[in-house]
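Trainee: I'd like to learn how to read a structure like this one. Can we go through a few features together?

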Amino acid sequence: MPNITIDGKTLEFKQGQTIIEAARDNGIDIPHFCWHPKLSVSGNCRICLVEVEQMPKLVIACSTIASEGMIIYTDSAKVIAAQNAVMEFLLINHPLDCPICDEAGECKLQEYAYNYSVGESRFVEEKVHKDKRIKLGPNVMFDGERCISCSRCIRFCDEIAEDPELTFVQRGDHVTIRTYPGQEMDNPYSMNTIDICPVGALTSIDFRFKARVWDMSSNKSICVGCSRGCNIDIWVRNNEILRLTPRHNEDVNSYWMCDHGRLNTFKFVNAESRIHYPQIRKDGNLIEVGWDEAFSEAVSRLKTFPKDQIAVIGSSFATCEDNFLTAKFAKNVLSTGNLDFIRHANPDFADDILRTEDITPNTNGALLAGVTPFQAGLDINGILKGIKDQKIRALYLIEDDIVQKFPELESSIAKLDLMIVHSSNFNSSTNYADIVFPASTFAEKHGTFLNGFGVLQRIRPAVATSELDRALDGMKMSRLDKFGTKFDSWASGKKNEARPTWKILVSLSKALGFKMKYTMGEEIFNDMTASINEFKGLDYNVIGESGIQIKIKKNNTVKTG
Ligand code: SF4
Ligand code: SF4
């Protein structure tokens with residue numbers, strides 16, 4: 001490999017790399033506003049100027065190709081003077097309104113003002129004023145005065161979303177951003193421009209002014225909006241999720257996520273419709289009861305059905321661990337082979353960027369976990385027919401909404417003798433349930449999802465339930481669990497009694513006379529590695545923060561159901 005020298009260190013680089021790329025691969029961060037590893041080079045912000053021996057002038061690191069033997073300085077007197085000058089120019093017309101800016105605390109301009117500027121301005125004239133609070137589209141607000149004209153947002157729409165919507169208008173210090181006439185920035189990925197805007201010029205209409213960045217904790221997780229499984233950070237204050245942002249994973253979602261995933265996949269966690277306690281139907285109404293009463297009601301009623309009249313429906317919304325125990329529960333505890341899960345396909349949702357036709361996070365995981373018919377039992381179509389023909393009399397439904405999915409079956413479902421539902425929120429199916437167990441959401445438990453392309457990934461709790469609080473007290477982990485989940489913001493806020501599905505099934509199985517030994521999701525996963533070939537040799541630490549590719553038979557993106 002060829003070598004370059006940066007600030008006295010000799011480093012290897014790949015032929016064809018620019019100086020900024022070569023430096024980055026070697027752990028050296030050259031300051032940059034307009035450059036982004038996934039966008040074309042525009043070279044307009046000039047903060048990445050570096051000095052190269054034998055070159056007459058400073059060069060921009062983002063567009064200068066590294067060559068063998070180059071000797072580069074990123075912190076010479078000339079470079080520092082250039083950085084100071086660039087920062088002085090950029091700040092001349094900037095409103096310096098950090099105290100009311102959403103970006104404060106995660107703003108490149110703020111960070112570089114500390115690191116690369118002299119900290120004072122010689123400009124005493126009136127600043128140029130530009131339009132503020134311009135709605136570029138349904139999800140993104142623009143503040144012209146904060147914009148430093150880096151063009152990242154324009155290039156994102158052109159090159160990544162492949163939907164040219166933004167352009168520069170005007171000239172000189174009056175230059176600003178606009179959508180093309182008659183157009184909105186409404187592409188399905190528009191909110192990524194907020195993440196890559198290096199200043200607070202683009203903000204989220206949904207999140208604006210909700211919290212300061214430093215008042216929230218964030219935990220690494222996975223979006224549940226489709227089978228891509230985009231890597232995300234969940235941002236929480238006072239035990240309430242306030243936003244999701246994409247987390248870089250080159251093998252899954254690069255730096256991006258779609259607006260649907262960002263906006264529509266977390267609000268149910270803190271919604272009014274959350275189920276806080278177990279429920280039993282009495283005199284036609286669901287009544288809150290304690291866990292013991294709900295378990296004993298479930299035991300006494302489940303025992304009255306022959307096994308061929310019972311069906312269990314697992315869920316591609318639930319984790320591998322939840323589905324693994326669902327399968328065990330059906331086979332070993334209820335002794336029914338009528339076991340499957342509902343497929344959720346939406347061809348209109350899919351695109352060639354990230355979004356997939358399967359709008360659930362874990363179809364492949366549910367399949368590998370064994371949520372499939374067993375010993376000549378019924379598959380999902382057979383179960384639905386059995387409900388319609390009133391041959392299935394008891395339905396055990398895990399984390400799905402069968403009535404919403406199959407409204408034509410509503411009257412048959414209403415005639416079931418028993419329906420037990422695990423659900424985080426009241427929905428069309430809980431309307432007909434006899435017993436409801438409150439289930440933890442993806443944001444309240446540890447577990448794994450296997451995405452549509454065979455990448456096994458972990459979710460972690462970001463929001464506390466009473467159950468998690470108790471488990472943590474028991475583990476004496478003082479606000480940091482063994483996987484590094486941060487609980488800084490868990491001290492206050494509303495908590496509910498939801499439990500992970502696997503935990504509910506462990507308790508119910510015990511009450512039905514079948515003991516399962518699990519006390520943590522991790523133990524279930526370790527058991528899965530013994531019985532599922534594809535998971536052999538894995539554990540939560542091996543899966544880590546970016547997941548692991550495993551071999552699956554095919555991309556099980558769903559077509560039926
Ligand atoms: S709005 Fe942000 S991303 Fe777009 S040009 Fe201005 S500073 Fe750059
Ligand atoms: S592409 Fe799918 S997984 Fe990614 S953010 Fe959108 S809905 Fe979520």
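Mentor: Let's start with burial: a residue is called buried when its relative accessible area is under 20%, and exposed when that area is over 50%. Keep in mind that this is a predicted model.

Trainee: What about a residue in a loop? Where is H36, and which residues does it touch?

Mentor: H36 lies in the loop between α1 (19-25) and β3 (49-52). Its relative accessible area is 6%, so H36 is buried too. Leaving out residues up to four places away in sequence, H36 touches R152, I196, Y255 and W256.

Trainee: Now backbone angles. Which value does phi take at E162?

Mentor: Phi of E162 is near 50°, a positive value in a residue other than glycine. You'll find E162 in the loop between α4 (152-160) and β8 (166-169). With 60% relative accessibility, E162 counts as exposed, because the cut-off for that is over 50%.

Trainee: And N239: buried or exposed?

Mentor: N239 is buried, given its relative accessible area of 1%. It has a positive phi of about 65° although it is not a glycine, and its place is the loop between β12 (231-237) and β13 (240-246).

Trainee: How do I read the buried side of a helix?

Mentor: The general idea is that an α-helix has 3.6 residues a turn, so residues three or four places apart point the same way. For a case, take helix α10, residues 380-388: its buried residues are I380, G382, I383, L384, G386 and I387.

Trainee: What covers those buried residues of α10?

Mentor: The cover includes the strands β16 (310-314), β17 (339-341) and β18 (394-398), along with the helices α11 (402-405) and α12 (410-414).

Trainee: And what goes on at the ends of α10?

Mentor: At its start, a side-chain oxygen of D379 comes to within 3.2 Å of the backbone nitrogen of N381. Just after α10, Q390 takes a positive phi of about 60°. As for Q390 and H36, 354 residues separate them in sequence, and their C-alpha atoms are 59 Å apart in space.

Trainee: Next, helix pairs. At what angle do α2 and α3 pack?

Mentor: Helix α2 (residues 77-92) and helix α3 (residues 108-116) pack at about 140°, with their axes 10 Å apart. α2 and α3 are therefore oblique to each other, and their crossing is left-handed. On the α2 side the contact has Q83, N84, M87, L90 and L91, which meet L109, Y112, A113 and Y116 of α3. Sorted by type, the contact residues are 7 nonpolar, 2 polar and no charged.

Trainee: How do α8 and α15 cross?

Mentor: The axes of α8 (residues 320-333) and α15 (residues 521-531) come within 9 Å and cross at roughly 65°. That makes α8 roughly perpendicular to α15. The crossing here is left-handed. From α8, the contact uses C320, E321, F324 and L325, and from α15 it uses G521, I524, F525, D527, M528 and S531. Those residues divide into 6 nonpolar, 2 polar and 2 charged.

Methods: Residues are numbered from 1 along each chain as its sequence is written. Chains are lettered from A and ligands numbered from 1 in the order in which they are written. This is a predicted model: local features need pLDDT of at least 70, side-chain atom pairs count only at pLDDT 80 or more; totals for chains, interfaces and linings use all residues. Side-chain values use heavy atoms; hydrogens and water are left out. Axes are lines fitted to C-alpha atoms, for helices over the stretch in contact, and angles run from 0 to 180 degrees between N-to-C directions. Helices (H or I, at least four residues) and strands (E, at least two) are DSSP runs, numbered from the N terminus. Angles under 35 degrees count as roughly parallel, over 145 as roughly antiparallel, 65 to 115 as roughly perpendicular and the rest as oblique. A crossing is left-handed if the near helix is turned anticlockwise from the far one by less than a right angle, and right-handed if clockwise. Contact means heavy atoms within 4.5 Å. Ala, Val, Leu, Ile, Met, Phe, Trp, Tyr, Cys and Pro count as nonpolar, Asp, Glu, Lys and Arg as charged, and the others, Gly among them, as polar. Buried means under 20% relative accessible area, exposed over 50%, partly exposed in between (1.4 Å probe, protein chains only). A polar contact is a pair of N or O atoms within 3.5 Å; within protein, one must be able to donate a hydrogen and the other to accept it, and residues adjacent in sequence count only if both atoms are side-chain atoms.
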